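Please look over the sequence and the structure before reading on. The report then goes through them in plain terms.

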Amino acid sequence: MEDGIEVICTLPYLNIPITNVLIMSWITMAVIILWAWLATRKMKLVPTGLQNTAEIVVETITNFAEDIIGHAGKKFVPYLGTVALFLAISNTAGALFMSTLTKGIVGPSTRGIAIPVALAIMTILLTIGAGIQKKGIVGFIKSLFKPVFVLFPFKILEFFIKPLSLSMRLFGNILGAYVLMEMILHNLPIILPSFACLYFDLFDGLLQVFVFVLLTSLYIAEEVEEEE
Amino acid sequence: MEFNQEFWVTLVFTFINIIVLYIILKKLLFKPVTKHMENRSKKIQEALDLAEEAKRKVDEMKEEYDAKLRLAKEEGDQIIADYKKRADKEYEEAVVTAKKEAELIIQKAKQELDVEKEQLISEVKKEMASLVLNASQKILKENLDTETNRKLISEFINNSKVSEK
């Protein structure tokens, strides 16, 4: 099993290894920022061209967040949107079939475990932060004992299980799709990759984006909406 | 994929990446687009409100004009009716006056006629008296006293009835 992660170069003096996955995530960022800049450069009352795409993305995520989190969901739209856009580009980059040509730089960057883990940790930190902001630090600690006192250890455990399941699900799906696609491309590089790519790279990739964002907003909703 | 230096470096860089991306997208994408869309919604709402207001105003004006029109029509009808009534009255009056005048004229004419008739009768009487006298004189040839005869004849004529009409 080859995940295709290589160190492309090392930062001088500090001896920091830069992997192809990290470079791909920078490319992803650059693409997203370029798109956002172009789409919002000259906004018109009647949207045309790229402005439409920006409005669709923002409105979809806003509606999504408000549906799940409720009225407080507006605050979390930028984070959810950032994660969604980042994952959407990252996960589907495998569809470009350029892994082998570019030393694995252009490929799904979420196949390296570090990036899903980082995203999951940020999500759980945001969730805890949202809970503390909503109930205050004392209220938040009290809420850990809320339904029954006995549940306290499980609640603490949840803060580890949630990011673990989030990151492992994402990582496993994308790495699995990547490895399968590499195998298919290696053994039968005609016709089949096109169809397999539709499922593994596009469908699975976008499904994982949806699942990740949905679970993130569900966790936030759990913290924010508990007020009786 | 052991947890080596690469893992930690990528992890930390991803934290930084996502935070940077978050800040940039919030500034560049989410805030302006949300604001833009809210502005547009507001503008559309305002335009709709304005249209509604204008429509309401037009309806109000129309009602007002309708009422005015109705009032004017009523007034016109009233005026026409008044004039008709007045004209009728004047016509009646004119007819009545004309009748009266006509009657007056007729009466006057009758009176004048009467007076003339009377005069005529008296003249005729006189004429007749002299005529009869002459004739009698010729017939009797001074057999009779002129003076007494004249008296006699006058009496006769006065007593004889001359039809008035």
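The model is predicted. Where chain A and chain B touch, chain A contributes 44 residues and chain B contributes 30 residues. Putting the two chains together buries about 3500 Å², and carbon and sulfur atoms give 83% of that area.

Charged side chains also meet across this interface. The rule finds one salt bridge between chain B and chain A. In this salt bridge Arg40(B) meets Glu55(A), with 2.6 Å from N to O. This pair counts as a salt bridge because its distance is within 4 Å. Polar contacts across the interface of chain B and chain A involve six residue pairs, both residues being at pLDDT 80 or more. On the side of chain B that touches chain A, 19 residues are nonpolar, six are polar and five are charged.

Next come the aromatic rings. Over all chains, the structure holds eight aromatic pairs. One of them joins Phe7(B) and Trp8(B), with ring centres 4.9 Å apart and planes at 80 degrees. This pair is edge-to-face because the angle between its planes is over 60 degrees.

Is each of these two residues buried, exposed or partly exposed? Phe7(B) is buried because its relative accessible area, 7%, is under 20%. Trp8(B) has a relative accessible area of 48%, so this residue is partly exposed.

In chain A, one aromatic cluster is formed by Phe145(A), Phe149(A) and Phe152(A). Chain A also has arginines placed over rings, as the table shows.

| Arginine | Ring | Distance from the ring centre |
|---|---|---|
| Arg41(A) | Trp37(A) | 5.1 Å |
| Arg111(A) | Tyr178(A) | 4.2 Å |

For Arg41(A), the part that sits over the ring of Trp37(A) is the charged end.

Technical notes
Residues are numbered from 1 along each chain as its sequence is written. Chains are lettered from A and ligands numbered from 1 in the order in which they are written. This is a predicted model: local features need pLDDT of at least 70, side-chain atom pairs count only at pLDDT 80 or more; totals for chains, interfaces and linings use all residues. Side-chain values use heavy atoms; hydrogens and water are left out. Contact means heavy atoms within 4.5 Å. Buried area is the accessible area (1.4 Å probe) that two parts lose on being put together, summed over both. A polar contact is a pair of N or O atoms within 3.5 Å; within protein, one must be able to donate a hydrogen and the other to accept it, and residues adjacent in sequence count only if both atoms are side-chain atoms. Ala, Val, Leu, Ile, Met, Phe, Trp, Tyr, Cys and Pro count as nonpolar, Asp, Glu, Lys and Arg as charged, and the others, Gly among them, as polar. Rings of Phe, Tyr and Trp (its six-membered ring) pair if their centres lie within 6.5 Å; planes under 30 degrees apart count as stacked, over 60 as edge-to-face and the rest as tilted. Buried means under 20% relative accessible area, exposed over 50%, partly exposed in between (1.4 Å probe, protein chains only). A charge sits over a ring if NZ of Lys or CZ of Arg is within 6 Å of the ring centre and within 35 degrees of the ring normal.
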